[in-house]
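Please look through the sequence and the 3D structure below, and then read the briefing that follows.

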Amino acid sequence: MKKIITQFSRLFVGILFIISGLIKLNDPIGFSYKLDEYFSEAVFNMPFFVPYTLAIALFLVILEVVLGVMLLIGYKSKLTIWSLLLLVILFTFLTFYSAYFDVVKDCGCFGDALHLTPWQSFSKDIILLFFILILIYNQKLIKPLFSNKIQNILAFASFVLCGFMGYWVINHLPLKDFRPYKVGTNIKKTMEIPDNAPKSVVEMVFIYKVNGIDKEFTEKDLMSLPEGATFVDRKDKVIVQGYLPPIHDFKLELDGQDNTQLILSKEKTLLITAYDLEKANPAAMQKLDELYKKATAKGFYVAMVTGSSNEVIANAKKKYGITFDILFCDAIAIKTIERANPSFVLLHYGTVTQKVHYNDIDDLNL
């Protein structure tokens with residue numbers, strides 16, 4: 001019985017680590033955005049790690065996959081199991097912190113393929129921890145499946161293949177797009193809220209300064225405000241989250257005007273997304289004028305979509321000779337559309353027909 005439980009634990013932990021790692025390895029830039037949240041001032045306040053989040057993300061996801069493979073084949077079992085234990089302890093701490101303090105809403109354990117609440121993620125890590133402890137206790141029962149030579153080859157091959165996959169998806173596109181803006185999606189329809197969808201329950205919260213300290217009061221509490229309290233701010237607190245459509249923060253503004261529906265109604269549109277113009281790839285930006293002329297000649301409406309400030313937009317126009325419209329959109333929404341900065345998205349009446357990384361601009365089907 002002990003042997004059966006141990007082997008089941010081995011399979012369960014190994015396969016789950018491989019699946020979780022591969023999903024994140026499919027989109028390591030997306031996972032790096034999650035790490036940005038953890039290192040932000042609002043969570044752990046470690047901004048010095050932010051420039052290295054992509055490297056950290058790649059290291060962690062490759063480690064997940066390789067450790068999963070090593071566990072399944074029984075390669076260096078003691079090192080493998082203890083490494084898995086340390087990794088799960090780290091993940092358990094992060095998911096508990098996210099859940100308890102309500103900071104990072106989605107840990108990104110399975111990327112965009114499966115969204116888990118912080119408490120669901122924490123529960124998943126507790127289950128993993130339980131099975132890894134079984135492996136720790138019974139590690140003598142974890143035997144290699146192959147000879148040492150083959151074990152070495154398989155472990156090294158898994159590392160090399162993971163490294164190549166990471167390099168490919170960073171410089172091109174994810175092999176599988178799990179995001180709400182994937183090819184074939186009609187953005188307009190995906191933004192709609194059904195008539196019978198559950199509504200959010202929102203409570204107004206008033207912030208008053210009492211004896212030099214900001215305190216929150218509900219509407220009922222206003223009748224009994226302490227003497228000398230001074231109003232600071234008002235905010236809406238979501239008590240119960242209602243239905244949230246897959247696309248809910250896509251808004252295209254031109255000179256302060258909402259042009260979203262107008263653009264989504266056009267037959268042929270080329271959107272050049274660049275969440276931060278200051279970080280956009282210079283070589284790709286130099287090609288935009290030529291691309292604009294080709295696309296407009298074929299009947300496309302061409303516009304850039306960015307989350308940058310007006311000052312940065314003005315500098316980019318001057319530097320790259322941009323003459324077409326530059327629309328403002330929330331940077332987080334732009335990062336969700338496509339990770340490359342810039343990237344290119346073709347729309348047909350609001351339906352995504354193609355998405356291209358700036359390294360593959362020649363593959364754009366105009």
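**Salt bridges in a predicted model**

Lys34 and Glu37 form a salt bridge, with their closest N and O atoms 3.4 Å apart; the term stands for a side-chain nitrogen of Lys or Arg within 4 Å of a carboxyl oxygen of Asp or Glu. The model is predicted, so local features need pLDDT of at least 70 and side-chain atom pairs count only at pLDDT 80 or more, while totals for chains, interfaces and linings use all residues. Residues are numbered from 1 along each chain as its sequence is written, and side-chain values use heavy atoms, leaving out hydrogens and water.

**The pair in helix H2**
- Lys34 and Glu37 are three residues apart in helix H2 (residues 28-39), which means that about one helical turn separates them; helices are DSSP runs of H or I with at least four residues, strands are runs of E with at least two, and both are numbered from the N terminus.
- Lys34 is buried at a relative accessible area of 19%, whereas Glu37 is partly exposed at 31% (buried is under 20%, exposed over 50%, partly exposed in between, with a 1.4 Å probe and protein chains only).

- Asp177 forms a salt bridge with Lys355, and their closest N and O atoms are 2.8 Å apart.
- Because Asp177 lies in the loop between helix H6 (148-171) and helix H7 (187-190) and Lys355 in strand E10 (residues 351-357), this pair ties together parts that are 178 residues apart in sequence.
- Asp177 counts as buried at 18% relative accessibility, and Lys355 counts as buried at 7%.

**The whole structure**
- A search of the whole structure finds 13 salt bridges.
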